[in-house]
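I set down here what I looked up, entry by entry, for a reader who is new to this structure.

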Amino acid sequence: MAEAVTQEGITEVGTMKRQHYSMIINGERVESSTGEVFETYNPAKGEVLATVAKASKEEAEKAVQAARNAFDHGKWRKYPIGKRARVLNKIAAIMRERFKELVEIEVLNSGKSVGAAQVQINQSIEDFEFYAGAIVGHRGEVNNMPYGFFNYTHKEPVGVCAQIIPWNYPMMMAAWKIAPAIAAGCSVVVKPASLTPITAIILNEICHEAGVPEGVVNTIPGSGEVVGDYLVQHKDVNKVAFTGSTPTGRDIMEKASGTLKRLTLELGGKSPNIVFEDADLEAAVPGSLFGIFFNTGQSCEARSRMFVHESIYDEFMEQFVAKTKKLKLGDPFDKGTHVGSIISRSQLEKIDAYVQSAVEDGATILTGGKEMQIEGFENGYWYEPTIIVDVTPDMKAVREEIFGPVVVVEKFSDEKDVIKRANDTEYGLGSAVWTTNQARATRVAHQIEAGIVMVNSPFSAFPGTPFGGYKQSGFGRELSVETLDLYMEDKSVLAYYGSKPLNPFGV
Ligand code: NAD
């Protein structure tokens, strides 16, 4: 067990000192007008962790109006850029001071291992630092113009942004969205996932503590179908940034079209992991292992379809299976734990149904394939890391996103063929290539239909690297300078400075 954190309002391991979380609107803690609250869980134990105020449409409206007012009449977007950057750095500094507490709450609310939570909270902090730096140098263009004209582009914040996030990286997804939006000068209404709302609420409180004016960041936990939908269709919301499943993304795209909102969609994936015959197995085996089982496979860019060259297949698989069996599941606060729990009972059942469907379709399970019982965590949601072979491309488990610790493995013999097979998916988010041949790495990277290609790397992203999908994995990029442009409009200012007045009609 990690040692208990004892600051005020923080957790002791396994128990929350603060047992209720309010939504945040216009800089204030707010309860629901309907009086509704919902329970949020510690999935590792299947126990209630805290209650959370549940926003209704009334609070969604208040949050949009607070954000609108802050944008239209407030000072945030008018601050000198350096001042906004200082506040972003202050947010990062406060998060760093409260690192241990944030990690602990993330572990309790998501069931992920403490190591995974540390990496993700650290990256969330670095996001704010990255955008504090990036916004300072983010400026428009001056264009060469003929005939005495002068043209420049003026970058302006897009306005009020609804930011709807999933449960798999609760704090990190909130940081990926809030940091670039407020750096750009926008106001936001954040709708966290109902399974994991706590760290997004705390992040909002930290924003205020750091000096973000009221109304610029608002957080309203609640139902996606009710408040998420309300935000997506609201005429005063200029942009929706959504991370979540592809079906929800499609629904949002349709509904946002009524008011022609700007839209960023970060959706699901079924990313290929290709191990060539010239791969360094000392890197490829642990890297592929991490690629699928990190965050308990609940990762949009999880490398869940593995292709291994036939000439090294036996050797690779022997090591891969052996290492999979060595992965330790258990107390998420134990530093030796590699893999945490599944987020919910229904997600566990969904994962298991995929595994069983593969078996019914004729596939073979090499290891895993069932729910686990962990001593001391008997009521939690645990699933064995699972490797499936003898699969065919048409199987449900091969085509659809499982979003759990399950990998399907296929053999290949030829580079062209494996590229074709890797691209045979509706998704296009992540991909990984393991080879010691640099020319091959580049050749393959450029032919894969995905927004991200990892070459000999278990990691998919750092602040500064664009993150986003091709095809049904959505569009737009997060985490990089490109993201700032998705929260800004480029206004073209065209001026005439010629010596003679212009008279185009000649009258
Ligand atoms: P989800 O689509 O069920 O929910 C995501 C968010 O959308 C939640 O906050 C939910 O309340 C809200 N929502 C649900 N229905 C809505 C509606 N009709 N209108 C507006 N909002 C609505 O996804 P999830 O199960 O929370 O997350 C898992 C999914 O997220 C996976 O498919 C995963 O691949 C994807 N994901 C993608 C990325 C990426 O960067 N591409 C990152 C993390 C997760």
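Which side chain does E489 meet in a salt bridge? I worked on a predicted model, and there I found the partner of E489 to be R262, at 2.8 Å from N to O. I placed E489 in strand 23 and R262 in strand 14 (residues 262-266), so this pair ties together parts that are 227 residues apart in sequence. I noted E489 as partly exposed, at 31% relative accessibility, and R262 as partly exposed too, at 38%.

**Further salt bridges**

I counted 30 salt bridges in the structure. One of them joins the side chains of E371 and R345, at 2.8 Å from N to O. The two stand 26 residues apart, E371 in the loop between strand 17 (364-367) and strand 18 (386-389), R345 in helix 11 (residues 345-360). I read 32% relative accessibility for E371 and 31% for R345.

I then turned to R440 and E415, whose closest N and O atoms are 2.9 Å apart. This pair links helix 14 (residues 438-447), which holds R440, to helix 13 (residues 415-422), which holds E415. R440 is buried, at 11% relative accessible area, and E415 is buried at 15%. Through shared partners, salt bridges join E277, D278, E415, R440 and R443 into one network.

**Nonpolar cores**

I looked up the largest nonpolar core and found 105 residues, of which I91, F128, I182, F316, M317 and F320 touch the most other members. Helix 5 (residues 170-184) gives the largest share, twelve residues. Domain 1 (2-267 + 469-491) and domain 2 (272-455) each supply at least three residues to this core. Another core lies apart from it, with 27 residues that include V64, A66, V189 and L265.

For F128, I left aside the neighbours within four places in sequence; the contacts are L88, I91, A92, M95, A175, I178, A179, I182 and L203.

**Surface patch**

I found a nonpolar surface patch of about 420 Å², made by V142, F150, Y152 and Y497. Y497 lies in the segment after strand 23 (488-496) and is exposed, at 63% relative accessible area.

**Positive phi**

Most residues other than glycine have a negative phi. T296 sits in the loop between helix 9 (281-293) and strand 16 (305-309) and is buried, at 2%. F403 has a positive phi of about 60 degrees. The loop between helix 12 (396-399) and strand 19 (406-412) holds F403, which counts as buried at 15% relative accessibility.

Technical notes: Residues numbered from 1 in each chain as written. Predicted model: local features only at pLDDT ≥ 70, side-chain atom pairs only at ≥ 80, totals over all residues. Heavy atoms only, no water. Core = buried A, V, L, I, M, F, W, Y, C linked by side-chain atoms within 4.5 Å. Buried < 20%, exposed > 50% of the residue type's maximum accessible area, 1.4 Å probe, protein only. Helix = DSSP H or I, 4+ residues; strand = E, 2+ residues; numbered from the N terminus. Domains from an automatic or database assignment. Contact = heavy atoms within 4.5 Å. Patch = residues over 30% accessible without salt bridge, like charges linked within 9 Å, V, L, I, M, F, W, Y side chains within 5 Å. Areas by Shrake-Rupley, 256 points an atom, 1.4 Å probe, with all protein chains shown as cover. Salt bridge = Lys/Arg side-chain N within 4 Å of Asp/Glu carboxyl O.
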